[in-house]
Amino acid sequence: MKRTLLLALVAGALVTAWTSITLVKSGERAIVRRFGRVLQESPRPGLHLALPWGIDRVQLINVAKVRVLTIGFTAKDDDPTATPPGQLLTGDHNLVNVQAEIEYRVQENQVERFALHEDRVDGLLARLGETVLVEWIASRPVDAILLEGKGTLPEALRSALQKRIDPYELGVQIERVSVPMLNPPDGVRDAFDRVAQAQTNRKTRANQAKRQADANLSDAETRTKEMERKAQVFATQHVSQALGEAEDFLKRRQQFRELTQGRDPQKVIDAIWLDQIARLFTSMRQSARLELLDQIADGFNLMQFPFASPRKP
């Protein structure tokens, strides 16, 4: 009898411990319901002691897990004539097949809200996501959708969907949206692929032409600057040379005036001769044409021309 009572007490203690102790793992939050009413406390990771025998019911919610929901196109072979889900009408009355994957997680500070709506979160997200997809596809032509959709649709869907679900207070945050499928129907896919390829080639050639034009423009600007620099140097040199020649001319004119005042024609002729010979020799020396005459011994000196008049006895 005592043994049976002891076994009953031990069993009762085990059942009580089993129904009152809950292990909350890392990345989880616990929601405690007492007789169906959600308590304000949200136990954090560790052991949590609750009331036993079903008085308290602890619901564990993983707030670190990223949940994935797929919406949009799903091919069905049951009825080939039926329009499959996710086959949407574009703004210019074409059809496209769209499939999106929504990644979301539970907000840590709103686990109570999620616990109240957990059984209908996926369904509501799917309906709202499909609504956003329909609106986005219907507002654009098929060319823009197929060429740019995979780049712009994910972020547009993520932000629009988050705004749609916030009023429902579901306690979830949309982390990321991807679009694994965005294609025309199989029957016309080849034609759309050819059009897309042609448009891609056109853009590629346009980009190449723009790059070549930019390179040509840059080269032209460089050559223009170089020509302007050379012209400036040329102008500076010739202005300087002209000023020097003008100054030299004024000096020689003054010398000639001084010579002519003495009324000695021979001196005037000699001065003009020497001036012209000096110019000629300077030019010949610069062009290396005076070497032989200049090195004759004893003297053959052209600087003596014109020869002095012979003296009369």
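Which elements each supply at least two residues of the lining of the largest cavity? I started my notes there, keeping in mind that this is a predicted model.

**Entry 1: the cavity**

I got two helices for that: α4 and α5 (189-261) each supply at least two residues of the lining. I then went through the residues themselves and wrote down D143, L146, L147, F192, V195, A196 and Q199. Sorted by class, I have 5 nonpolar, 1 polar and 1 charged residues around the space. How much space lies in the largest cavity? I noted about 40 Å³. I also looked for others, but the search of the whole structure finds 1 cavity of 30 Å³ or more.

**Entry 2: helix α4**

Where does α4 bend? I found the bend at G149, and the angle there is about 85°. G149 is also on my list of buried residues in α4, together with V142, I145, L153, P154, L157, L161, Q162 and I165. I jotted a reminder next to that list: with 3.6 residues a turn in an α-helix, residues three or four places apart point the same way.

**Entry 3: the nonpolar core**

Next I turned to the largest nonpolar core, which has 37 residues. Which of them touch the most other members? I wrote down V98, L125, L133, I137, I165 and I174. For the elements that give two or more residues to this core, I have β6 (67-72), β8 (95-106), α2 (111-117), α3 (121-138), α4 and β9 (172-183). The largest share comes from α3, with 9 residues.

**Entry 4: positive phi outside glycine**

H93 has a positive phi of about 65° although it is not a glycine. I placed H93 in the loop between β7 (87-89) and β8. Is H93 buried or exposed? I have H93 as exposed, because its relative accessible area is 65% and the cut-off for exposed is over 50%.

E169 is the other one, with a positive phi near 50° in a residue other than glycine. Its loop is the one between α4 and β9. At 41% relative accessibility, E169 counts as partly exposed.

**Entry 5: the loop between β3 and β4**

Last, I looked at two residues in the loop between β3 (37-38) and β4 (46-49), starting with R44. R44 is exposed, with a relative accessible area of 54%. I also checked R44 against A30: they are 14 residues apart along the chain, and their C-alpha atoms are separated by 6.8 Å.

P45 sits in the loop between β3 and β4 as well. I put P45 down as partly exposed, since its relative accessibility is 44%. For P45 and T22, 23 residues apart along the chain, I noted a C-alpha separation of 10.0 Å.

Conventions: Residues numbered from 1 in each chain as written. Predicted model: local features only at pLDDT ≥ 70, side-chain atom pairs only at ≥ 80, totals over all residues. Heavy atoms only, no water. Bend = angle between axes of the 7 residues up to and from the residue. Helix = DSSP H or I, 4+ residues; strand = E, 2+ residues; numbered from the N terminus. Buried < 20%, exposed > 50% of the residue type's maximum accessible area, 1.4 Å probe, protein only. 1 Å grid on protein atoms, 1.4 Å probe; cavity = no way out; pocket = protein on both sides within 12 Å on 5 of 7 lines; lining within 4 Å. Points joined across faces, edges and corners; volume = space filled by probe spheres on them. Nonpolar A, V, L, I, M, F, W, Y, C, P; charged D, E, K, R; others polar. Core = buried A, V, L, I, M, F, W, Y, C linked by side-chain atoms within 4.5 Å.
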